[in-house]
Amino acid sequence: MTRNVTLTLLHTNDLHSHFEETSRIAGYIEEVRGRTDPNALIVLDSGDFLDRARMETEGTTAAVNRAVMERIGYDAVMLGNNEGLSYTPDELERIFGGMSVPFVCANMTLTATESPPAWMIPSLMLERSGLRIGLIGATVPFNEYYELLGWDAGDPTAVLRAEVAKLRPEADVIILLSHLGLRSDERIAAAVPGVDLILGGHTHHLLEVPLIEGDTAICAAGKFGAYVGHLQLEFGADRKLVKVSGGSIPTDDMAPSEGVQRLISMYREQAKLRMGRKIASLSEPLEWRHDRESPLPTLLSAAIRAMTGADIALVNAGQLLEGLPAGDVTEETIHAICPSPINPCMMRLPGSLILKTLEESLLPEFQDLEIRGFGFRGKVLGTLCLDGLEVAADMSRPPYQRVKEAAIGGASLDVHREYTVGTLDMFTFGVGYIGLKEGREIRYYLPEFIRDVLTRSLNNDGMIARSKEPRWRYSDAP
């Protein structure tokens, strides 16, 4: 190569099935393609492009997401935790097997084979304008979860060092598709020589212009398709990358792709047909409220306790968005009121922390706490609904002194004893109720989501009847 060359790179991350914004991004990519030499254009995604909280994704088993990615024409995509944790490896094989867009991820292998699945490769070499572009992917290693699903997630830094050493002699530039988070991207930039550009995701960080760490440029386009990354990569006559310019562009005013909109509409109709299946019929409504005990979240708590075999169960009411009326219940209804891709779990917790958590759940600052991420797709945290536990609370007392009595199996709660607690995986990340992050000997239940557990309970008349029996007794309530 005897002349300077500039490549255009468009990139996305953490779209999370936000199809309206994705359609605008698709329209922008179409417009850029129309005015750019195809031999000088690269289009990449850094993971979490799907989210089962969206009805179109749930109702088509992510076929809509695959179709949109293929329609946009990405050159490579990365495996985010929303892809890797939302489905089993067999389901992912059915979703992504034979996909025209390559999946690139170097630190994920199947436990059974110690190799990546057939639809995923550790790295990829592209050629554009006579330049060799090495692409490597790395995703956050949530091994406590991945091991239960049959994956082994390797240490990203060690894996990347090996993969960069393999590609560097052949590549003019190395780009890392990262679903690790900004802090990890900065560490990798310092610890792994030879990575020229990191396209980041996972922590939903927005970098309006590239962040330069040593010899590495780090870029990211926020979350939910509100931005798209548009970069210019300038190479000298010696084939070396000399400049990364551009950054993230808001998508608000971009014209959507009509073709992608039609595609999404078609899959939306398919999803509605599939999710119209009746899964239960209720003779009476199941009420819900976020700030006091109510039957529907209590039913979910009872179902999780029955599933885990725990001494007690604690479920925040905010996992549900509304109650259920009497009559037929469809799959779409359950998905609409319980959209979070959250799994049940069981932990051991001392009585002292159970008591603290109960006290927290009586406070408006916890009940009304807005949470983003960690699998939570509700609005506010909500109070705790219980099973296996009976509590008397005096609301006239000061905060953290309101629980007068708490009994498990007819015996007073022992603050010095450990109990098994059935609850939700998001609490183990330290979000929401503080006491629940201190649990130990945690067991996660995958691949079931809490809405699957709730669905089964809706056909258990005895459990439904018991969910209307109070576990909380309030006095002097405002």
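**Charges and rings**

Guide: Let us begin with charges: E20, R54, E56 and R268 are joined in a network of salt bridges. This is a predicted model, in which local features need pLDDT of at least 70 and side-chain atom pairs count only at pLDDT 80 or more, while totals for chains, interfaces and linings use all residues. Residues are numbered from 1 along each chain as its sequence is written, and side-chain values use heavy atoms, with hydrogens and water left out.

Visitor: What is a salt bridge?

Guide: Side chains of opposite charge can pair when their charged atoms come close. The rule asks for a side-chain nitrogen of Lys or Arg within 4 Å of a carboxyl oxygen of Asp or Glu. By this rule there are 27 salt bridges. In one of them, E58 meets R52 at 2.7 Å, N to O.

Visitor: Is E58 buried or exposed?

Guide: Buried means under 20% relative accessible area, exposed over 50%, and partly exposed in between (1.4 Å probe, protein chains only). E58 is buried, with a relative accessible area of 10%, and R52 is buried at 14%.

Visitor: How far apart in sequence are D387 and R305?

Guide: The side chains of D387 and R305 form a salt bridge of 3.1 Å, N to O. D387 lies in strand β20 (residues 384-387) and R305 in helix α10 (residues 295-308), so the pair ties together parts 82 residues apart in sequence. Here helices (H or I, at least four residues) and strands (E, at least two) are DSSP runs, numbered from the N terminus. D387 is buried, with a relative accessible area of 10%, whereas R305 is partly exposed at 29%.

Visitor: How many aromatic pairs are there?

Guide: Rings of Phe, Tyr and Trp (its six-membered ring) pair if their centres lie within 6.5 Å; planes under 30 degrees apart count as stacked, over 60 as edge-to-face and the rest as tilted. This rule gives 12 aromatic pairs. The ring centres of F103 and W119 are 5.1 Å apart and their planes stand at 80 degrees, so this pair is edge-to-face. F103 is in strand β4 (residues 103-104) and W119 in the loop between β5 and β6, 16 residues apart. Both F103 and W119 are buried.

Visitor: Which residues form one aromatic cluster?

Guide: F103 and W119 belong to one aromatic cluster together with F49, F96 and W151.
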